[in-house]
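These notebook entries record what I looked up, feature by feature.

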Amino acid sequence: MTPIDDLEARLRREGVGAAGGPDLDELLTAALARAEAEGLVDVAWVTEDTPVGRLTLAATDQGLVRVSYAPEDRALEELATRISPRVVRAPRRLDPVRRQLEEYFAGRRRAFDIPLDRRLSRGYRRAVLEELSRVPYGQTVSYRDLAVRTGRPGASRAVGSAMATNPIPIVVPCHRVLRTGGALGGYGGGLEAKVWLLRHEGALMG
């Protein structure tokens, strides 16, 4: 449980927000604003329902750092372990991401224009994911294609590992990567999600 969530639970137990009492939402908003002003929020997060499932979105002051298909508690545990324990539910900080995802899923957006914090990817994996970000909407590449593009033609397996550990799926479009020969390959959000995304972009018919 994050600090703000813990505060919310405690306030509810004490009856804050009940009829005639202080407004809980106003108190929480003020507490969150103070926490952010004092630099106490290292990672802001929110959950979002989408056509490919419920996603946990997380951002640092550098940009979007995580889009997770995992259950909320697992996603938050990962953020606390890998980035900072100061993980706070702060929907407003994620508003630009949520808006652009909504536009994408509605078919009104083909490219994301939001800052990314790529700290969860390092070395060759990060190089692969940066190259992947250049693959346009509606197009696909193979693991081998990406290996060639990153100057390591024999590194298809390493490319596959980069796809499997991509911390920012959809925005960094690992769904656009197929096996050599055109087979779909795996996907962290499940094969149904990959098929939906490819069909949505017109890269897969039928």
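Entry 1, aromatic rings. I took rings of Phe, Tyr and Trp (its six-membered ring) as a pair if their centres lie within 6.5 Å, with planes under 30 degrees apart counted as stacked, over 60 as edge-to-face and the rest as tilted. The model is a predicted one. By this criterion I found 5 aromatic pairs in the structure. For Tyr-104 and Phe-112 I noted ring centres 5.4 Å apart and planes at 40°, so this pair is tilted. I then looked up Tyr-104 with Tyr-137, which is an edge-to-face pair with 6.2 Å centre to centre and 80° between the planes. This second pair links distant parts of the chain, since Tyr-104 belongs to helix 4 and Tyr-137 to the loop between helix 5 and strand 5 (141-142), 33 residues apart.

Are Tyr-104 and Tyr-137 buried or exposed? I recorded both as buried, and for Tyr-104 the relative accessible area is 0%. I also listed the members of one aromatic cluster: Tyr-104, Phe-105, Phe-112, Tyr-137 and Trp-196.

I checked Arg-152 and found its charged end over the ring of Tyr-124, at 4.1 Å from the ring centre.

I asked which residues of helix 4 are buried. They are Val-97, Gln-100, Leu-101, Glu-103, Tyr-104 and Phe-105. Among the elements covering these buried residues I noted strand 1, strand 2, strand 3 and helix 8. After helix 4 comes Gly-107, with a positive phi near 85°.

I followed strand 2 to its partners on both sides of the sequence. Strand 1 and strand 2 run antiparallel and are joined by 7 bridges; the two form a hairpin with 2 residues between them. Within this pairing, Ala-44 stands opposite Ala-59 of strand 2. Strand 2 also pairs with strand 3, again in the antiparallel sense, over 5 bridges, and these two strands form a hairpin with 2 residues between them. Here Leu-57 faces Val-67 of strand 3 as its opposite residue. I recorded strand 2 as mostly covered, with 6 of its 8 residues buried.

I located Ser-68 in strand 3. Its relative accessibility is 1%, and because buried means under 20%, Ser-68 counts as buried. A polar atom of the Ser-68 side chain lies 3.0 Å from the backbone nitrogen of Ala-70. Leaving aside neighbours within four places in sequence, I found Ser-68 in contact with Arg-54, Leu-55, Thr-56 and Ala-75.

How values were computed. Residues numbered from 1 in each chain as written. Predicted model: local features only at pLDDT ≥ 70, side-chain atom pairs only at ≥ 80, totals over all residues. Heavy atoms only, no water. Buried < 20%, exposed > 50% of the residue type's maximum accessible area, 1.4 Å probe, protein only. Helix = DSSP H or I, 4+ residues; strand = E, 2+ residues; numbered from the N terminus. Pairing = 2+ DSSP bridges. Contact = heavy atoms within 4.5 Å. Polar contact = N/O pair within 3.5 Å; in protein donor to acceptor, adjacent residues only side chain to side chain. Lys NZ or Arg CZ within 6 Å of the ring centre and 35° of its normal.
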